[in-house]
Amino acid sequence: KNALQIDPQYIEVYTKLGETQLKLGNPQEAFRAYSMVAKLDPNNSDAQLKLATFYLLGKKIKEAREKVDAVLSKEPKNIEALFLLASLLEMEKKFNEASMVLEKIIELDGKQTRAYLELSRVLVHDGKITEAEKILKQAIDIDPTAIPPQLALFRFYIGQKAYARAEEEIKKSIDINPENTDLYVELGNFYFRQNKRDKAEAAYLKAIDADPENIKPYMVIAGFYDITGRKDPALSMYKKALDIQPEDIRIMDSIAKFYVKNKNFDDAEEYITKILKERPQYFPTRMLKGELLVYQHKFDEAILLFDRLIKEEPTLARSYYFKGLAHLGKGENRIAKTALGKAVELNPKYIKAKLLLAEIYMRENDYSMAQKESEEILGTSPENYHAKLILGNAYLYQRKTKEAKETFESLIKLKPEKPVGYYRLGILYRLIKEYDPVSYTH
């Protein structure tokens with residue numbers, strides 16, 4: 001910072017500042033630094049491509065394309081610019097053009113395995129499956145010990161539902177690289193998706209044995225234990241990772257999330273406070289703090305925090321969801337619906353937000369809107385119990401008895417051990433008897 005005060009046009013300082021902010025997880029500050037480099041030196045290709053990458057991640061295709069084209073107009077063989085161009089074309093679903101750019105990279109440097117991997121992905125998107133597999137095998141031939149091409153082929157087979165070939169491929173990779181933890185983690189994830197939990201756990205533990213100082217497998221198996229309901233082993237693994245890297249904020253944030261999820265709010269607050277003392281602007285933990293405030297019913301503080309977070313990152317649906325929860329906690333239904341509606345607009349598959357909207361509509365006796373929201377959820381998640389319950393109640397209060405009966409019966413079929421389906425069906429029969437005795441007796 002002193003160097004910036006002495007000479008604000010000292011490009012190297014801004015470049016290093018950008019690099020540092022990226023490492024610290026502050027993309028906005030990094031963007032500002034690289035913007036200054038580009039302003040002071042418009043011919044600085046590295047800075048222009050860094051900005052293009054930021055625009056690409058933000059899905060600002062036009063701005064990213066302008067930066068990439070500017071670099072390629074002066075350096076038509078700039079490999080990084082060509083990679084970015086291919087990514088932009090792929091985002092626009094111009095798969096043939098993206099393939100041509102990646103083929104050009106391979107012509108310029110046939111050892112660029114990254115180009116083969118990206119070309120294979122584009123070919124898959126373009127429906128050219130056989131060609132994609134061939135390209136991946138060519139990438140492996142360049143360096144049979146290189147892990148990324150092996151993993152890409154493994155994932156390719158999973159995508160094609162060729163699970164036996166996928167398992168064979170990952171085990172072959174492990175035989176070549178027995179000390180690589182990522183391969184064991186991939187194998188564990190594969191088994192988990194196949195619902196082979198014992199094999200998944202064994203693979204994760206082998207990952208730890210392969211490199212006991214690598215925190216990744218500890219974090220993965222902690223998540224595995226958490227998902228499968230084994231809370232004590234989960235916390236133990238998180239803390240073992242923290243023992244290896246005591247100052248790692250990402251691990252502390254994961255532990256704080258674990259505590260929030262399990263409603264250990266005091267423990268969560270301890271970790272959140274520690275993280276924000278070291279990194280006051282660390283966005284993930286500030287988000288978590290807002291969520292904790294909602295769970296603690298500190299709604300005013302939560303709203304203020306989420307308003308700031310939304311100003312900083314206006315495209316994150318989760319912020320609007322918790323802002324909606326906070327307003328709902330204060331009884332401010334109108335503002336809550338606006339926030340939840342924005343969450344759904346940003347992420348149309350955000351089921352929790354749509355469920356909450358449907359519940360609000362039910363409370364407000366707007367049964368047609370509750371029906372609409374729950375039907376949309378069931379369109380993408382047909383066995384969502386909560387959505388079925390809301391839909392059945394919406395039908396019930398609109399006196400759509402046939403639809404209500406069918407919905408409650410499907411609710412019972414879905415989870416026969418839960419009493420609520422039988423209870424709602426009983427209420428339906430009682431109401432039918434009250435306002436339609438002929439239908440009831442027949």
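This is a predicted model: local features need pLDDT of at least 70, side-chain atom pairs count only at pLDDT 80 or more; totals for chains, interfaces and linings use all residues.
User: How many residues line the second largest pocket, and which lie nearest its centre?

Analyst: The lining has 13 residues. Nearest the centre are Lys257, Val260, Leu288, Glu291 and Arg318.

User: How does that lining divide by class?

Analyst: Eight residues are nonpolar and five are charged.

User: OK, now the largest pocket. What volume does it have?

Analyst: About 1,100 Å³. Its lining counts 26 residues. Pro27, Gln28, Phe54, Glu312 and Glu313 sit nearest the centre.

User: Which helices supply at least two residues there?

Analyst: Helix H3 (27-40), helix H4 (45-57) and helix H18 (283-295) each do. The largest share, five residues, is from H3.

User: What classes make up the lining of the largest pocket?

Analyst: There are 11 nonpolar, seven polar and eight charged residues.

User: Let's zoom out. How many helices and strands are in the chain?

Analyst: The protein chain has 27 helices and zero strands. Its C-alpha atoms fill a box of roughly 80 × 55 × 45 Å along the principal axes.

User: What share of the residues is buried?

Analyst: Of the 442 residues, 45% are buried. The chain exposes about 24,200 Å². Carbon and sulfur atoms supply 52% of that area.

User: What about contacts between residues at least 6 apart in sequence?

Analyst: Of those contacts, 44% join residues at least 24 apart.

User: Which residues have the most contacts inside the largest nonpolar core?

Analyst: Val68 and Ile255. That core has 93 residues.

User: What does Val68 touch?

Analyst: Leaving out residues up to four places away in sequence, Val68 touches Ala52, Ala81, Leu84, Leu85 and Leu88. There is also a second, separate core of 50 residues. Leu340, Met362, Phe408 and Ile427 are among its members.

User: Where is Lys93?

Analyst: Lys93 is in the loop between helix H6 (79-91) and helix H7 (95-108).

User: Why does Lys93 count as exposed?

Analyst: Because its relative accessibility is 63%, and exposed means over 50%.

User: What about Lys263, what phi does that have?

Analyst: A positive one, of about 60°, and Lys263 is not a glycine either. Lys263 lies in the loop between H16 and helix H17 (265-278). Lys263 counts as exposed because its relative accessibility is 58%.

User: Last one. Where is Ile142?

Analyst: Ile142 is in helix H9, residues 129-142.

User: What does Ile142 touch?

Analyst: Not counting residues up to four places away in sequence, Ile142 touches Gly110, Lys111, Thr113 and Tyr116. The C-alpha atoms of Ile142 and Gln112 are separated by 9.0 Å. Those two residues are 30 apart along the chain.

Key
Residues are numbered from 1 along each chain as its sequence is written. Side-chain values use heavy atoms; hydrogens and water are left out. On a 1 Å grid over the protein atoms alone, a cavity is a set of points where a 1.4 Å probe fits but cannot get out, and a pocket is an open set with protein on both sides within 12 Å along at least five of seven lines; lining residues have an atom within 4 Å of a point. Grid points are joined across faces, edges and corners, and a volume is the space filled by probe spheres set on the points. Helices (H or I, at least four residues) and strands (E, at least two) are DSSP runs, numbered from the N terminus. Ala, Val, Leu, Ile, Met, Phe, Trp, Tyr, Cys and Pro count as nonpolar, Asp, Glu, Lys and Arg as charged, and the others, Gly among them, as polar. Buried means under 20% relative accessible area, exposed over 50%, partly exposed in between (1.4 Å probe, protein chains only). Contact means heavy atoms within 4.5 Å. Accessible areas come from the Shrake-Rupley method with a 1.4 Å probe; for residues, only the protein chains shown count as cover. A nonpolar core is a set of buried Ala, Val, Leu, Ile, Met, Phe, Trp, Tyr and Cys residues joined through side-chain atoms within 4.5 Å.
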